[in-house]
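Hello,

Here is the structure I promised to pass on to you. Have a look at it first, and then read my notes below.

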Amino acid sequence: MSAQQDNRRPIKAVIFDMDGLLLDTEGIYTEVTEMIARRYGKHFDWSIKQNTIGRGARDFSGYIIDTLQLPLSVDEFLAMRQPMLDERFPQAQAMPGAEALVRHLAAHGIPIAVGTSSSVHYFHAKITRHQAWFELFDTVVTADDPQVTAAKPAPDIFLVAAERLGIDPADCLVFEDSPFGVTAAKAAGMMAVAIPDVHMPPERYRHADLILGSLGEAPLAQWGLPAMPA
């Protein structure tokens, strides 16, 4: 951690991305997108996937359609994948260390929020098996929230979350797994910690304040937050 990070004032609130950070949903998106691509003789592989993580639904769909040259509109793509996602999201598992960290921060009265590029519809589908600990969040901001005018990499989602928590953006810490999410957090004036997919090139996270392997590695005490029990 750099000297600049060490000199920051203590963190007062924590904002979490959801997909690939709190819940293991990225594999579901990959499976469904590949199923659609195959219908048109195309293949959705990692060279494409790495450029989609963290995008909002319409941005994601437009990128896939353009890259794979699918004969679909964005609305047609979204309508095609919805029943497949609805079937799979309720089985989503928690990412390692996610529930423990959320419960720990909530137990110590630290304001916490979810800031996700997901829609509210898919948010509720994804947390089907995790409602108990998702109820600990003080607020949840989705990409289709009325106060959000642009999805990540725009800062709107995180700025709305900070406003609802009543915390200055400069006092907020964001955990993200995507380069777009890190960009959004930094644009919001927040500290951004990246926890990338193991297949993502590290150089795509140069703008992050810190890169970790998992949520369980977060050095909470260095940010003025209560340390996890040993």
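At what angle do the axes of H4 and H5 cross, and within what distance do they come? In this predicted model, the two axes come within 9 Å and cross at roughly 105°. An angle from 65 to 115 degrees counts as roughly perpendicular, so that is how H4 and H5 lie to each other. On the H4 side, the residues that meet H5 include Phe60, Ile64 and Ile65, and their partners in H5 include Val74, Phe77 and Leu78. Sorted by class, this contact has seven nonpolar, two polar and three charged residues.

Next, please look at helix H2, residues 26-39. Its 14 residues should span 20 Å at 1.5 Å a residue, and its end C-alpha atoms are 20 Å apart, so the two agree. Buried residues in H2 include Ile28, Tyr29, Val32 and Ile36. The helices that the buried residues of H2 pack against are H3 (46-49), H4 (57-68), H5 (74-88) and H7 (120-126). After H2 comes glycine 41, with a positive phi near 70°.

Finally, lysine 126 is worth a visit. You will find lysine 126 in helix H7. Is it buried or exposed? Its relative accessibility is 0%, so lysine 126 counts as buried. Its side chain makes a polar contact with the side chain of serine 118, at 3.0 Å. Beyond its neighbours within four places in sequence, lysine 126 is in contact with several residues, among them Met18, Asp19, Phe89 and Tyr29; Tyr29 is also one of the buried residues of H2.

Enjoy exploring!

Best wishes

Key: Residues numbered from 1 in each chain as written. Predicted model: local features only at pLDDT ≥ 70, side-chain atom pairs only at ≥ 80, totals over all residues. Heavy atoms only, no water. Helix = DSSP H or I, 4+ residues; strand = E, 2+ residues; numbered from the N terminus. Expected span 1.5 Å × (residues − 1). Buried < 20%, exposed > 50% of the residue type's maximum accessible area, 1.4 Å probe, protein only. Contact = heavy atoms within 4.5 Å. Polar contact = N/O pair within 3.5 Å; in protein donor to acceptor, adjacent residues only side chain to side chain. Axes fitted to C-alpha atoms, helices over the stretch in contact; angles between N-to-C directions. Parallel < 35°, antiparallel > 145°, perpendicular 65-115°, else oblique. Nonpolar A, V, L, I, M, F, W, Y, C, P; charged D, E, K, R; others polar.
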